[in-house]
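Colleague: I would like a close look at a single part of this model. Please walk me through it.

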Amino acid sequence: MDDSTRPQRLGGRGLTPVSPRLVPARYIAAVPWWVISPAIAIACLVLGLRLGWWWLEALAIVPILWCLPGVLLTPRRVRAIGYRAGEEELTLASGLMFRSVTTTPYGRVQSVEIHEGPVERRYGIARLSYSTASDDADGTIPGLPREDAEELKELLTRRGIERMQSL
């Protein structure tokens, strides 16, 4: 199936994707879980063998299965995140199975913040968070290059002030 016949993803038209550097950043952030999960699996196996409880040995697969989707789906999940700064509103789309597309008018934006954790700083990316008076319309755009996050913050702030003055 070529791209011309492939159905368009909900909210997928004209979106700016986030940085692909978000993939290794998410892998690095998940390392503690990848260490804890095999440790739990090994503990279940050892206890199951020592106590003779077969169900505890079978339970050892659960922590491994818990981490598997994160390892396999992280690149695809990152590619599913996108945003579009339109003339009147900001659109944010994310999600694979449960797709979410949120459109927030600039005049409703009350605050804009940029967040960087140590892993994000290492990869040169940031998260931009914005809030509105409604809890449902708040949003976070992860994996933006620092410069893009600063530009988008300034754009949201400037257009939000302009739209509020026109109300």
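Which residues have the most contacts inside the largest nonpolar core, and how many residues does this core have?

Modeller: Keep in mind that this is a predicted model. The largest nonpolar core has 22 residues. Those with the most contacts inside it are L90, L128, I141 and L152. Several elements give two or more residues to this core: helix 1, strand 3 (89-94), strand 5 (109-115), strand 6 (125-132), strand 7 (139-145) and helix 6 (146-166).

Take L128 as a way in. Neighbours within four places in sequence are left aside here.

Helix 1 leads on to helix 4. The buried residues of helix 4 pack against helix 1 (22-29) and helix 2 (31-51). These buried residues are P63, C67, T74 and V78. Helix 4 covers residues 61-79, and its end C-alpha atoms are 29 Å apart. That agrees with the 27 Å that its 19 residues should span at 1.5 Å a residue. Helix 4 also has a kink of about 55° at L73, shortly before the proline P75.

C67 brings up the cysteines. The model has 0 disulfides. C44 is in none, and its nearest cysteine sulfur, that of C67, is 13 Å away. A disulfide needs the two sulfur atoms within 2.5 Å, so 13 Å is too far for a bond. Both cysteines are buried: C44 has a relative accessible area of 12%, and C67 has 13%.

Conventions. Residues are numbered from 1 along each chain as its sequence is written. This is a predicted model: local features need pLDDT of at least 70, side-chain atom pairs count only at pLDDT 80 or more; totals for chains, interfaces and linings use all residues. Side-chain values use heavy atoms; hydrogens and water are left out. Helices (H or I, at least four residues) and strands (E, at least two) are DSSP runs, numbered from the N terminus. The expected span of a helix is 1.5 Å times one less than its number of residues. The bend at a residue is the angle between axes fitted to the seven residues ending there and the seven starting there. Buried means under 20% relative accessible area, exposed over 50%, partly exposed in between (1.4 Å probe, protein chains only). Contact means heavy atoms within 4.5 Å. A nonpolar core is a set of buried Ala, Val, Leu, Ile, Met, Phe, Trp, Tyr and Cys residues joined through side-chain atoms within 4.5 Å.
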